[in-house]
Every structure is written in C-alpha cells, then in structure tokens.
Amino acid sequence: MTEIRDAAELALTELVANVVRHVPDRHCELLILRRPQGLRVEVSDRCPRLPTQGDGGELAESGRGLLIVAAVTDRSGYLADADGSGKTAWFECDAKGQSS
C-alpha cells in the first residue's frame with residue numbers, strides 16, 4: 001500500500017497545484033475512492049478551460065504536472081462537464097501484489 005500512497009500523494013499534489021495555478025477562484029472538490037483493486041482520485045473545478053500538457057522542457061519552470069501524474073499512476077485523464085461549466089481531472093493507482 002505504500003507504493004499506492006506515495007503515487008497518489010504526488011499525483012494529487014500536482015492536480016491541486018494546477019487548480020491553485022489555473023482556476024480563477026481556486027476552488028475544487030476532491031473525491032477519493034478506495035477500491036479492491038486500488039484507488040481512484042478525482043479533482044473537480046468550475047473552470048471550463050481544459051488541462052493542457054506542457055512540453056516539460058529541462059529548464060521549464062512549469063508544464064510537468066500532467067506528465068508527472070501520467071508517470072506515477074496507472075491511468076489518468078480528464079472529463080469536461082456536459083454543460084461546459086468545469087471539468088474533472090482523475091487518476092487511478094492499482095494495488096500491486098495485493099489480494100482483494
């Protein structure tokens with residue numbers, strides 16, 4: 001479980017940092033779902049602007065957040081709200097070698 005915890009902690013930190021940096025009112029909702037096969041985390045906000053992945057250049061001061069999330073989780077992505085009023089960024093971490 002330590003591996004899941006560490007990955008989820010880092011990925012969640014990156015998603016919340018994106019909210020603080022890119023969402024005008026800096027408000028979000030967090031949902032953490034523990035599942036037999038692992039963990040799913042969702043961060044929702046009311047900013048219609050969709051996330052974009054930076055180039056993550058060696059000297060860039062930003063643009064690595066989504067790259068980090070993708071690197072440390074098993075699956076990640078985002079969903080735009082149907083009415084265009086916001087979005088949900090999510091990731092999943094699978095339990096490695098754990099029995100259900």
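Okay, a definition to start: a residue is buried if its relative accessible area is under 20%, exposed if over 50%, and partly exposed in between, using a 1.4 Å probe and protein chains only. What we're looking at is a predicted model, where local features need pLDDT of at least 70, side-chain atom pairs count only at pLDDT 80 or more, and totals for chains, interfaces and linings use all residues. Residues are numbered from 1 along each chain as its sequence is written, and side-chain values use heavy atoms, with hydrogens and water left out.

Let's go to helix α1, residues 2–22. Helices here are DSSP runs of H or I with at least four residues, strands are E runs of at least two, and both are numbered from the N terminus.

Which residues of α1 are buried? They're Ile4, Ala7, Ala8, Ala11, Leu12, Glu14, Leu15 and Val19. Down the helix axis they fall within an arc of 155 degrees, so they line one face of α1; that arc is taken from the directions from the axis to the C-beta atoms. Glu9 and Arg21, on the other side, are exposed.

And what covers that buried set? Among the elements doing so are β1 (29–35), β2 (38–45), α2 (65–72) and β4 (87–94).

Last stop, Phe91: beyond its neighbours within four places in sequence, its contacts (heavy atoms within 4.5 Å) include Ala8, Leu12, Leu39 and Val69.

Technical notes. Expected span 1.5 Å × (residues − 1).
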